[in-house]
Amino acid sequence: MGRTLVIGDIHGGLRALEQVLERATVTPDDHLIFLGDYVDGWSDSAPTVSYLIELKSRIPTTFIRGNHDDLVHQWLNGRQMNAKWLQHGGQASIDSYAELTGAEIETHKIFYSEMQDYHIDADNRMYCHAGFSNLNGPEYEWHNTAFYWDRTLWEMVCAMDPGIPKDSDLFPKRLKLFQEIFIGHTPVGRIGRSTPTQMANVWNIDTGAAFKGSVSILDVDSKNYWQSDPVWKLYPQENGRNP
């Protein structure tokens with residue numbers, strides 16, 4: 001039986017994704033769970049999606065929806081986008097999609113529409129891009145945008161007293177619902193980290209690929225991880241989402 005490997009934010013850094021998949025020696029026996037944000041940042045945003053569509057034909061995959069994926073999907077469907085999107089990587093996606101045919105874009109739109117807001121595996125481990133806020137669990141969430149926009153789950157575990165026992169009334173109820181929770185969305189560089197980071201029973205796999213960090217893969221059982229080179233070094237003529 002193969003491994004369950006969870007992959008953090010990519011943000012158009014296809015070269016880094018290919019590099020880290022090779023370093024992790026991924027095989028068709030493995031199950032890959034991608035945590036979202038495949039686009040918006042580096043110049044290979046559309047090619048990254050094309051690569052993932054091809055990848056799922058030969059390796060078991062689960063694709064979680066990220067906020068940037070939702071934004072690109074809205075734009076592809078004709079929505080007038082906020083200028084802030086352009087400032088946060090959207091222009092790279094627009095430029096890369098200019099190279100695709102209409103048929104290729106339609107295939108991508110199907111791919112975006114089929115992404116999952118969250119996934120729960122047989123071992124009661126939850127995977128989503130950002131988190132969830134309902135104390136009774138993700139199935140009770142009023143608005144699905146929480147799964148790919150809300151940062152309170154990660155902010156909460158970063159601020160928690162690590163000494164609170166899990167059976168305490170003070171231990172956050174939503175954390176008790178799952179064995180572990182795997183997220184991306186908020187780069188761990190914001191708390192001075194550069195590798196997949198655990199707080200309470202939450203693992204954050206966003207190691208800042210859109211900025212100065214890497215694309216990371218974590219084995220959810222062994223907790224071994226692999227990282228690409230810093231993505232900006234693989235795209236030396238670009239800024240990504242760096243100022």
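Residues count as buried under 20% relative accessible area and as exposed over 50%, with partly exposed in between. The model shown in these views is predicted.

**Figure 1. Helix α7 has a buried side and an exposed side.** Helix α7 spans residues 152-159, and its buried residues are Leu153, Trp154 and Val157. These three cover an arc of only 95° around the axis, which puts them on the same side of α7. Glu155 and Ala159 lie on the other side of the helix and are exposed. The cover over the buried residues of α7 includes helix α8 (173-176) and the strands β6 (180-183), β7 and β8 (202-204). An α-helix has 3.6 residues a turn, so residues three or four places apart point the same way.

**Figure 2. Five strands form an open sheet with mixed pairing.** The order of the strands is β4-β5-β6-β8-β7. From one strand to the next, the twist averages 20°. Strand β4 and strand β5 (residues 125-128) run antiparallel and are joined by three bridges. Within β5, Met126 is the bridge partner of Ile120.

**Figure 3. Cys128 and Cys158 are in no disulfide.** A search of the whole structure finds zero disulfides. For Cys128, the nearest cysteine sulfur is that of Cys158, 15 Å away. A disulfide would require the two sulfur atoms to be within 2.5 Å. The surroundings of the two cysteines are described by their accessibility. Cys128 counts as buried because its relative accessibility is 0%, whereas Cys158, at 29% relative accessibility, counts as partly exposed.

**Figure 4. A salt bridge joins Asp30 to Arg3.** The closest N and O atoms of the pair are 2.8 Å apart. Asp30 lies in the loop between α1 (14-23) and β2 (31-34), and Arg3 in the segment before β1 (4-7), so the pair ties together parts that are 27 residues apart in sequence. Asp30 counts as buried, because its relative accessibility is 3%. The structure holds 10 salt bridges, of which the pair of Asp30 and Arg3 is one.

**Figure 5. Arg58 and Glu54 form a salt bridge.** In this pair, the closest N and O atoms are 3.0 Å apart. Arg58 has a relative accessibility of 41% and therefore counts as partly exposed. Glu54 also counts as partly exposed, at 36% relative accessibility.

Figure 6. Lys109 is buried, with a relative accessible area of 17%, whereas Glu106 is partly exposed, with a relative accessible area of 43%. Elsewhere, salt bridges that share partners join Asp121, Asp123, Arg125 and Asp221 into one network.

Definitions and conventions:
Residues numbered from 1 in each chain as written. Predicted model: local features only at pLDDT ≥ 70, side-chain atom pairs only at ≥ 80, totals over all residues. Heavy atoms only, no water. Pairing = 2+ DSSP bridges. Helix = DSSP H or I, 4+ residues; strand = E, 2+ residues; numbered from the N terminus. Axes fitted to C-alpha atoms, helices over the stretch in contact; angles between N-to-C directions. Buried < 20%, exposed > 50% of the residue type's maximum accessible area, 1.4 Å probe, protein only. Arc of directions from axis to C-beta. Contact = heavy atoms within 4.5 Å. Salt bridge = Lys/Arg side-chain N within 4 Å of Asp/Glu carboxyl O.
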